Amino acid sequence: MARARAIPYHDQIVAVFIAASIGWALFGMLAGVWAAAELVFPALNFDLPWLTFGRLRTVHTNAVIFGFGGSALIGTAFYSVQRTCHQSLFAPGLAWVVFVGWQIGMCLSMLLLFAGINAGKEYAEMEWPLDIAVAVLWLSFALCFFGTIGRRRIAPIYISNWFYGALIIVVAMLHVVNNLALPVSWRESLPLYAGSVDAVVQWWYGHNAVGFFLTGGFLGMLYYFLPKQLGRPIWSYRLSVIAFWAFVYTYIWAGPHHLHFNAIPDWLQTLAMVMSLLLWLPSWATMVNGVMTISGAWHKLREDPALKFIVIALPFYGLATFEGPMLAIKSVNVVSHFTDWTVGHVHSGALGWNAFVTFGTLYFLAPKLAGRPLFSARAANIHFALGVTGVLLYIMAMWGAGIMQGLLWLNLDEAGEVRYSFVEIMEAVAPYYVARLIGGALFFAGTALMAWNLYMTMRGARIVQWYAPAHAEASAAARKTKPRTRARKPAAA
Amino acid sequence: MIGLHKLVERRAGLLIFGILLVSSIGGLVQILPVLFAPPPQSSAERYPPLALAGRALYIRESCALCHSQQIRPLLAEVRRYGAASRPGEFIYDRPFLWGSKRTGPDLQRIGGKYSDAWHRLHLTRPRAVVPSSIMPAYPWLAERRVDGIALQARMRGMRRLGAEYTDQEIAEAANAVAGKSELDAMVAYLQFLGRGGAPRQ
Ligand code: HEM
Ligand code: HEM
């Protein structure tokens, strides 16, 4: 029988990754809201060491980036790589090791960060034992991913896979180089680089973690799920090729824009500024490609919540990648550096782009995996309204606070002395912090609503068994056959 | 270019290699010259044991997420915080703690600005000193003791990486910090900050 030879997709692993991703979103965003609240009411840490701002903010960034973002990226990579290769996942057992390892590693890392065990470099706070574990898990992820590609039944490698591939390769490189350190105990290590060198390496890492994790990885998601959900191909293949290579080449150079006017060589800063400006091109090329793909099918947005989220992520991506190059201009950075403007930029990308594109993907995946429609389209629409209001309030508050801080800090009176004390300026931004707290809380409420909605969608459902199309020449759309339960067949030998 | 790409997108190995190659150029060009540049001129002093213990606490509490240690060469910044930062001042900083956000003021030249007593009060009850402050209170620093063993391990590590602590200094460090509170260590660190640079104007 044809079905006996059909190649099954492994989707159980996708389901658990997205469930974990939702869990981390709730936890990480709650930590973010709490941290925002502490900046309004400092007493909210109740003088508990683990709940103080420094530790909580570290927990927040790690939980949202590596827990929420990481789980979503790995899960969607496993989903889309099978579909785009018409092949079942390579080494599914190893994929489960990646899942269990990643979740245990994240939980441990949270505990350690709450305990203040922290390597002290932003977004690379995990200490060396966890760094090694992460490297091993990441290589296993790479093996499952590239193994599937290696056995693909379609000759060209689809574009989403280049982005996921770039994510895997470049993040591995960044992670290893930036975390090279001399352990002095199980919980402490000293970086091999000191001072200015450490700063340059760290921001090469930091900026490209943003570039390849928060941008490249999520572009992979976009390139698969946007055309999929729309039911039409990506607008320009040629543009996506050019944008991809330009993106991979240019991003790496931009790191030192985090160190403008700091104690590193001038040529590095200038070079980074120029490359950051160039980066605007591939970024917007990708956005244009996305928008043109939708163009002509706008009516679909009205009834489809998943599409709405994926599509709204595009202008936010455009905003963050326009603002970024602008902030990289030294004369703008003089004002923005060290201020809340940076925080606003971060969240226009993190909430408007990363979170929205992920939410859209989750709204797409849950019904697909459960084999039934979304529990409540209305709740999803409310989520959309909450999310958009929340992120706009958040970033506008931070623009206000950041630009004010930046200008007032630099303001000199006639005698050439600083006009405002630090504390005066700190007091002046207080109302903006309240606005940010409200925006963040709205965003969090939307996320919670989504979690409930997806839970109700998936509750009691058995994961639908999907198969690869019988002929490699068939369209990328998988053909649904008789739903089967939890049959995790070993990969066809 | 599209022709070349047609080839690459059909061979997973080539694609992986291509990404690796293209993405490493920028990093190599930027990092290697910095890594192999002659060390900057420096009059920085090694951290004394108690200050080094304090520095680890500064990392533990992530003070750097609210405080920078980097004064940019801008008039207003120099007026507010003191002489601009120079690379030579950070040669013993592993990791560097320049920060990327000033929720609180820069601390690179905080040493000597206030008395020890001011810091002790401020760290345990910031709002007793600055009523509108949004800095967290760190009362537990006063209650906990400095870990001498961890400090010695750290000094040995620093020595392997080029900070010339003598055997004797390392051996005596545990005694030197015995009975000191974490608050003592933190204050020692804060008061040490700014050595090796010009004093506040
Ligand atoms: C409910 C949503 C969220 C809230 C209320 C929130 C709140 C915050 C707060 C209060 C900070 C500290 C800012 C500071 O140091 O002054 C922060 C930092 C940060 N958050 Fe969020 N956050 C949220 C969601 C996210 C998400 C989804 C991501 C990533 C995907 C993210 C990534 C970051 C990053 C990278 C930073 C560090 C920024 C920097 O150092 O400049 N956040 N967030
Ligand atoms: C063309 C693209 C982009 C460029 C050129 C760019 C540039 C910049 C610049 C100049 C800064 C400020 C550095 C400073 O003064 O400290 C910054 C910070 C940041 N950006 Fe972007 N950005 C881009 C896109 C994005 C996107 C899409 C995200 C996604 C979330 C993002 C996340 C961040 C984060 C997390 C930081 C804060 C790092 C920190 O200080 O902790 N950026 N970016």
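Predicted model: local features only at pLDDT ≥ 70, side-chain atom pairs only at ≥ 80, totals over all residues.
1. A:His345 is found in helix H13 (residues 340-370) of chain A; helices here are DSSP runs of H or I with at least four residues, strands are runs of E with at least two, and both are numbered from the N terminus.

2. Residues are numbered from 1 along each chain as its sequence is written, chains are lettered from A and ligands numbered from 1 in the order in which they are written, and side-chain values use heavy atoms, with hydrogens and water left out.

3. On confidence, the predictor gives the complex an ipTM of 0.94 and a pTM of 0.94. Chain A has a mean pLDDT (the predictor's confidence in each residue, from 0 to 100) of 92, with 95% of its residues at 70 or more. For chain B the average is 92, and 96% of the residues score at least 70.

4. At the interface, 91 residues of chain A are in contact with 79 residues of chain B. The two chains bury about 7400 Å² between them, 70% of it on carbon and sulfur atoms; buried area is the accessible area (1.4 Å probe) that two parts lose on being put together, summed over both. A:Trp245, A:Phe338 and A:Phe422 supply 11% of the area that chain A buries against chain B, more than any other three residues.

5. Four salt bridges cross the interface of chain A and chain B, each defined as a side-chain nitrogen of Lys or Arg within 4 Å of a carboxyl oxygen of Asp or Glu. One salt bridge joins the side chains of A:Asp340 and B:Lys101 (2.9 Å, N to O). Helix H7 (residues 195-230) of chain A gives the most to the side of chain A that touches chain B, with 10 residues.

6. The whole structure holds 19 salt bridges over all chains. In one of them, A:Lys121 pairs with A:Asp198, the closest N and O atoms being 2.6 Å apart. A:Lys121 lies in the loop between helix H4 (92-114) and helix H5 (128-150) of chain A and A:Asp198 in helix H7 of chain A, so the pair ties together parts that are 77 residues apart in sequence.

7. A cis peptide bond, with omega about -10°, joins B:Arg94 and B:Pro95; B:Pro95 is in the loop between helix H4 (75-81) and helix H5 (116-124) of chain B. A:His86, although not a glycine, has a positive phi of about 50°, and A:His86 lies in the loop between helix H3 (53-85) and H4 of chain A.

Notes: Contact = heavy atoms within 4.5 Å.
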